[in-house]
Amino acid sequence: MRPNNSRLWDSIFGGMVYVTGFLMYLLWLHPLISLEVVAFGEVLVLFSAVIFLLSLLRLPTWLSLFFKVVAALFVLDYLYVAKAIFTKEWFEEIYHVLQVNLDALISRDFDAVTPLGEMLLVLLLIMTISYLMDYWLVKRQRVFVFTALTLIYLTVMDTFTPYQLQPMILITIVLVVSILVLNSHRKKMVQERLTFTGGHFFLRLLFPLVLMFALFIALSDDLPVKEPSWPDPVPFLTKGFSDGETNRRIGYGEDDSVLGGSLADNDALVFTASIEEPNYWRVDAKEVYTGTGWERAEELLTCRIVTNKVH
């Protein structure tokens with residue numbers, strides 16, 4: 001392989017790895033936007049695309065940094081500053097807000113940080129992430145850790161938050177396989193001095209990937225789904241984390257195995273009954289005290305409740 005050709009294909013593969021990494025970065029951002037953990041999700045996605053594009057273009061460091069700072073200032077102006085951009089009043093307001101937020105961070109008074117200061121920290125974090133991904137994925141060619149962390153992060157978000165990963169499963173699989181295959185071919189190209197042309201690239205890499213993904217997507221709905229072999233561990237894990245917390249409520253509940261701590265009000269309606277005079281109702285009852293709470297015996301007890309509504 002000629003040196004120029006080798007550098008060209010290395011740049012092409014490196015760019016494809018970086019673009020795939022950016023799409024995987026969006027998988028990290030999607031749950032935060034869906035759960036409204038971060039505000040202005042569309043603006044953050046657009047800003048991220050600009051920052052990653054500037055890194056991909058391989059501009060001189062000072063020029064790339066200049067454009068990134070300008071992009072961040074435009075975002076802050078669009079979201080929070082009412083004055084005309086780049087005027088004297090605009091710079092004075094930006095300087096004042098930055099000074100207030102810097103003083104709040106130094107004094108650890110995080111409640112005093114303004115929304116503009118919070119957004120600035122998010123923008124700086126995005127720029128840092130773009131640099132780290134360029135360094136580790138493209139320059140160091142280390143994609144496995146990032147891929148594993150992405151899968152772990154999405155699994156945790158799907159398990160312990162209201163976020164639903166199922167609509168994004170196919171996209172996640174395609175991106176994970178793509179970045180691993182692209183990085184593997186890039187390493188082999190350098191280590192084994194493989195010769196690539198446009199036709200070889202299409203036949204050896206692009207066509208098999210597209211064909212595999214097309215078949216997988218076409219057959220995914222018809223593939224049998226095996227039932228889980230183990231019970232859902234989430235209730236056990238969340239119970240372990242919540243035993244020491246004081247978020248229990250008064251009222252009816254099936255689990256009385258662990259009692260104690262403060263109680264919050266609970267106005268949830270259990271059932272209603274229309275009667276002309278007080279009556280007996282059979283409800284959940286437990287008669288064995290374990291030392292930490294109550295457990296149900298073989299037979300339920302009868303509990304008398306003289307009321308028309310039970311809460």
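This is a predicted model: local features need pLDDT of at least 70, side-chain atom pairs count only at pLDDT 80 or more; totals for chains, interfaces and linings use all residues.
Arg58 is a handy place to start: with a relative accessible area of 46%, this residue is partly exposed, since that value falls between the 20% and 50% cut-offs. In the chain, Arg58 follows helix H2, and its phi is positive, near 60°.

What does the side chain of Arg58 pair with? It forms a salt bridge with Asp134, and the closest N and O atoms of the two are 2.7 Å apart. Asp134 belongs to helix H5, while Arg58 sits in the loop between H2 and H3, so this contact ties together parts of the chain that are 76 residues apart in sequence. Lys139, at 52% relative accessibility, counts as exposed. Through these shared partners, Arg58, Asp134 and Lys139 end up in one network of salt bridges.

The count of salt bridges comes to four. Another of them joins Arg186 and Asp10, with 3.0 Å between N and O. Here the residues come from helix H7 (Arg186) and helix H1 (Asp10), so the pair links parts that lie 176 residues apart in sequence. Arg186 is buried, at 5% relative accessibility, whereas Asp10 is partly exposed, at 21%.

Back to helix H2, which covers residues 41–56. Which residues of H2 are buried? They are Gly41, Val43, Leu44, Phe47, Ser48, Ile51, Phe52, Leu54 and Ser55. These residues take up an arc of only 160° around the axis, which puts them on the same side of H2. The general rule behind such a pattern is that an α-helix has 3.6 residues a turn, so residues three or four places apart point the same way. On the face turned away from the buried side, H2 carries the exposed residues Glu42 and Leu46.

The largest nonpolar core has 47 residues, and Tyr25, Phe47, Leu123, Met133 and Leu137 are the ones that touch the most other members. Helices H1 (3–34), H2, H3 (61–80), H4 (88–106), H5 (115–139), H6, H7 (169–191) and H8 (198–220) each put in at least two residues. The largest share, nine residues, comes from H1. As a general point, nonpolar side chains tend to be buried together in soluble globular proteins.

Some nonpolar side chains are found on the outside, though. Phe144, Val145, Leu149, Ile152, Val156, Phe160 and Leu180 make up a nonpolar patch on the surface, and together they have about 680 Å² of accessible area. Which helix gives this patch its largest share? That is H6 (residues 144–160), with six residues. Val145 is in helix H6, and with a relative accessible area of 58% it counts as exposed.

Terms used. Residues are numbered from 1 along each chain as its sequence is written. Side-chain values use heavy atoms; hydrogens and water are left out. Helices (H or I, at least four residues) and strands (E, at least two) are DSSP runs, numbered from the N terminus. The expected span of a helix is 1.5 Å times one less than its number of residues. Buried means under 20% relative accessible area, exposed over 50%, partly exposed in between (1.4 Å probe, protein chains only). The arc is that of the directions from the helix axis to the C-beta atoms. Patches are made of residues with over 30% relative accessible area and no salt bridge: like charges are joined within 9 Å, nonpolar side chains (Val, Leu, Ile, Met, Phe, Trp, Tyr) within 5 Å. Accessible areas come from the Shrake-Rupley method with a 1.4 Å probe; for residues, only the protein chains shown count as cover. A nonpolar core is a set of buried Ala, Val, Leu, Ile, Met, Phe, Trp, Tyr and Cys residues joined through side-chain atoms within 4.5 Å.
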